[in-house]
Amino acid sequence: MSTSSCSNVFELGKYRVELQTVEAAESSRCCSTKSSSSVSVPPPKPLLIGLPCEAGEFPVLLLLHGFLLSNSFYSQLIQHVASHGFIVIAPQLYTIAGSDTSDEIKSTAAITNWLSEGLQSLLPPHVQANLNKLALAGHSRGGKVSFALALGKEGITTSLKFSALIGIDPVDGMDTGKQTPPPVLTYVPHSFDLDDMAVMVIGTGLGEVKRNPLFPACAPKGVNHEEFFKECRKPACYFVAKDYGHLDMLDDETKGIRGKATYCLCKNGKSREPMRKFVGGVVVAFVKAYLGGDMSELMAIREGGHEAAPIELQTVEFFL
């Protein structure tokens, strides 16, 4: 299979994309495109939604942000995935958070349960959400939350079933033995009982490297992507970007104090665009494979390795 058959997933797809912000039921501020009063069943948390402009029925991807990050920092990644024919929903789970992720797990479950009663009212009549094809993804701490929900931690379940799970440089805490509650990693190989759910783990080579002695690594060894993949069962795939860091899939420009901090807290690659294109493309290929039954692009990336991707890959591993 030629690498050209998968190269298009690393570029924008054929669909024009609309980004839409939606206020939460709990919010009284009117700062979004759609306020809670204009939505029949408002969501539990504020949302950023990327949707194709053209008519069709599209699978849905729920994307969880990283620690203390804004969902808006993922706008370009959301647009990339949505342009290939997906509805991407990125909630703002919190603005301030402690070490315990239990509330984020509960909030993600509440948003998932809301989808069947509230999502369609936010979409144009010609755009239909196919909730039978639903994937869950999360970056950094959001990756941990995604795995925790899929594993039923805290006894939390959802009314809808996820068919695919994606950890984008997931992190389970500060270090081995310093996992944030509830812990996800067990350090037992293939221990994740996900009921045959397909899993992809994306890691960064620079995530475990300290930017300077004053700050810890953003994705410390022992609680990062490597351990997450070790605990996965079939089917699972694993990619590690060699020369890119923990936040290199964010927008080229992230504004505000928190946005500026994304440039100085973690060890970064030379630029964000190549890593963001890789993450967007491999997410598209993975969800096409396990939500749409088309394995061709994911297998082309596997076979093409370094040649197929817009970045150099340190690891490509499949467990099928």
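Axes are lines fitted to C-alpha atoms, for helices over the stretch in contact, and angles run from 0 to 180 degrees between N-to-C directions. The structure is a predicted model, in which local features need pLDDT of at least 70 and side-chain atom pairs count only at pLDDT 80 or more, while totals for chains, interfaces and linings use all residues. Residues are numbered from 1 along each chain as its sequence is written, and side-chain values use heavy atoms, with hydrogens and water left out.

Helices (H or I, at least four residues) and strands (E, at least two) are DSSP runs, numbered from the N terminus. Helix H2 (residues 75-82) packs with H7 at an angle of about 35°, their axes being 9 Å apart, and the crossing is right-handed (the near helix is turned clockwise from the far one by less than a right angle). On the H2 side, Gln76, Leu77, His80 and Val81 meet residues of H7 including Arg276, Gly280 and Val284; contact denotes heavy atoms within 4.5 Å.

Nine strands form an open sheet of mixed pairing, in the order S1-S2-S4-S3-S5-S6-S7-S8-S9; two strands pair if DSSP finds at least two bridges between them. Strand S1 (17-22) and strand S9 (313-319) each have a single partner strand and stand at the edges, so one side of each is left without a neighbour in the sheet. On average, neighbouring strands are turned by 15° against each other, direction ignored. Strand S8 (residues 236-241) runs antiparallel to S9 and is joined to it by six bridges, with Phe319 of S9 as the bridge partner of Ala236.

Helix H3 (residues 102-118) touches strands S2, S3, S4 and S5, its direction making about 170° with that of S5. Helix H4 (residues 141-150) touches S3, S5, S6 and S7, and its direction makes about 115° with that of S5. Between H3 and H4 the angle is about 65°, with the axes 9 Å apart. H3 is therefore roughly perpendicular to H4 (65 to 115 degrees). Their contact involves, among others, Ile105 and Thr108 of H3 and Val145 and Leu149 of H4.

A nonpolar core is a set of buried Ala, Val, Leu, Ile, Met, Phe, Trp, Tyr and Cys residues joined through side-chain atoms within 4.5 Å, where buried means under 20% relative accessible area (1.4 Å probe, protein chains only). The largest such core has 49 residues, of which Ile166, Ile202, Phe239 and Phe278 touch the most other members. Helix H7 (residues 273-292) supplies the largest share, 11 residues. Apart from this core lies another of 46 residues, among them Leu51, Tyr94, Ala148 and Met197.

Note on methods: Buried means under 20% relative accessible area, exposed over 50%, partly exposed in between (1.4 Å probe, protein chains only). Angles under 35 degrees count as roughly parallel, over 145 as roughly antiparallel, 65 to 115 as roughly perpendicular and the rest as oblique.
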